[in-house]
Amino acid sequence: MNQIKLAKGVYYVGCKDWKLRDFHGFTTVRGVTYNAYLIVDEKICLVDLVKNTFADELLARISSILPPEKIDYIVMNHVENDQASALPQVMEKAAGAKIFITAAGAKEAARLYGQYDYNIVKEGDKLELGENSLHFVTLPMLHWPDSMVAYMPGEKILFSNDAFGQHICASSPFDDGSDLAAVMEEAQNYYANILMPYSKLIGGALGKAGGLAIETIAPSHGVIWRSHIKDILEKYAFWGQGGVKDKVLVVYDSMWGATERMAKAIWEGAAKTGVDARLYKPGPAENSRIVAELLDAAGALFGSPTLNYGMMPSIGGLLLYLKGLKPAGKLAASFGTYGWSGGAQKDMDELLQKAGMSLEPALTLNWAPSAEDLSNCENFGFNFANKACPPKH
Ligand code: FEO
């Protein structure tokens with residue numbers, strides 16, 4: 001196995017899950033990595049672990065550097081299954097290892113993975129390794145109560161846990177050896193699907209990071225940042241502040257094509273304003289991709305015909321997902337056709353409000369749209385896009 005070095009005495013020992021396409025509902029078209037890092041100093045320290053199904057590979061990677069039995073310390077920045085569930089297999093080898101973890105993390109780790117030598121760390125605590133040390137910064141609710149990051153001042157490495165991660169398997173472990181456009185796309189996808197509900201906390205976290213000299217960001221997923229740190233920090237600042245582009249989405253499903261015709265006319269109207277207008281149908285487009293596109297959009301229109309007195313399940317599933325992710329403050333409106341009775345717009349509007357979006361009046365039509373109706377749809381899209389993205393002059 002190749003040894004992958006980040007800095008003097010610091011190795012990447014993570015694993016790539018090239019074939020995973022569903023990360024608890026998040027579609028991962030480029031696979032997933034579970035990153036872990038080994039620091040070889042007077043004390044041997046493993047930072048983060050991997051999913052339990054990759055424990056053998058983690059141990060093999062560690063063994064290519066030194067026997068896993070020599071591990072003195074394990075830093076568990078987070079206890080979620082994807083990056084911590086290999087703990088029991090690692091502890092079978094490194095039975096004497098001390099684990100450094102937040103109080104919230106220790107409680108859950110004991111329940112999930114077993115009782116080991118958990119040592120509670122708090123904000124500002126330091127772990128001496130020899131030449132190097134790790135300084136702990138707690139980030140509760142980014143994105144779990146136990147979350148923390150570890151900073152190694154000697155080599156200026158931030159072990160950033162889920163923050164700055166991306167679900168992507170790339171040949172190189174580093175940003176500068178990878179397709180940067182793909183990495184950035186997946187960083188946006190990751191932020192939207194994992195971190196968006198906690199955006200209000202991002203500013204504070206970046207404030208803590210702002211005081212650190214950072215030459216490497218080593219996240220728990222995706223490539224390691226060393227050449228584009230400023231770029232990813234700027235992206236997080238933009239997303240965390242709710243920054244948007246002149247962009248709107250039109251997302252719809254349709255039974256017999258009437259709501260689709262409305263959606264296309266609404267899209268025409270929105271595009272006429274000059275904004276970046278994008279049309280999506282859940283199913284062909286994965287919900288997690290639509291959410292990633294929504295992250296930097298100023299607004300979105302959601303369309304469904306009435307089916308059984310309510311909205312179509314495809315739109316319902318997406319809006320339920322958005323209710324949890326809370327794309328707060330973005331402009332939203334619903335539209336769609338109905339036949340014998342309505343109901344879809346009421347369902348959609350309720351969920352859009354619960355998602356924290358700023359709701360505009362809906363546009364509904366009985367049966368199929370006429371030429372005049374389609375012209376009204378264009379105007380609806382035009383006016384919505386102008387309101388979401390006011391003209392600059
Ligand atoms: Fe990558 Fe929240 O675990």
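Count the salt bridges here and you get 22, where a salt bridge is a side-chain nitrogen of Lys or Arg within 4 Å of a carboxyl oxygen of Asp or Glu. Side chains of opposite charge can pair when their charged atoms come close. This is a predicted model, so local features need pLDDT of at least 70 and side-chain atom pairs count only at pLDDT 80 or more, while totals for chains, interfaces and linings use all residues. Residues are numbered from 1 along each chain as its sequence is written, and side-chain values use heavy atoms, with hydrogens and water left out.

- Glutamate 57 and arginine 61 join their side chains in a salt bridge, at 3.4 Å from N to O.
- Both sit in helix α1 (residues 55–63), four residues apart, or about one turn of the helix. Helices (H or I, at least four residues) and strands (E, at least two) are DSSP runs, numbered from the N terminus.
- Glutamate 57 is partly exposed, at 24% relative accessible area; buried means under 20%, exposed over 50%, and partly exposed in between (1.4 Å probe, protein chains only).

**Pairs between separate elements**

- Arginine 278 has a salt bridge to glutamate 293, with the closest N and O atoms 2.8 Å apart.
- Arginine 278 belongs to strand β18 (residues 276–280) and glutamate 293 to helix α9 (residues 287–295), so this pair ties together parts 15 residues apart in sequence.
- Arginine 278 is partly exposed at 27% relative accessibility, whereas glutamate 293 is buried at 15%.
- Lysine 387 pairs up with glutamate 360 in another salt bridge, the closest N and O atoms being 3.1 Å apart.
- That pair links distant parts of the chain, 27 residues apart: lysine 387 is in helix α12 (residues 371–388), and glutamate 360 is in the loop between β21 (358–359) and β22 (363–366).
- Lysine 387 is exposed, with 52% relative accessible area.

**A network**

- Salt bridges link Lys245, Lys247, Asp276, Arg278, Glu293 and Asp296 in a network.

**Two helices side by side**

- Helix α10 (residues 313–325) and helix α11 (residues 344–354) have axes that come within 8 Å and cross at roughly 20°. Axes are lines fitted to C-alpha atoms, for helices over the stretch in contact, with angles from 0 to 180 degrees between N-to-C directions.
- That makes α10 roughly parallel to α11, a label for angles under 35 degrees.
- On the α10 side, Ile315, Gly316, Leu319, Leu320 and Lys323 make the contact (heavy atoms within 4.5 Å); α11 brings Met348, Leu351, Leu352 and Lys354.

Definitions and conventions:
Angles under 35 degrees count as roughly parallel, over 145 as roughly antiparallel, 65 to 115 as roughly perpendicular and the rest as oblique.
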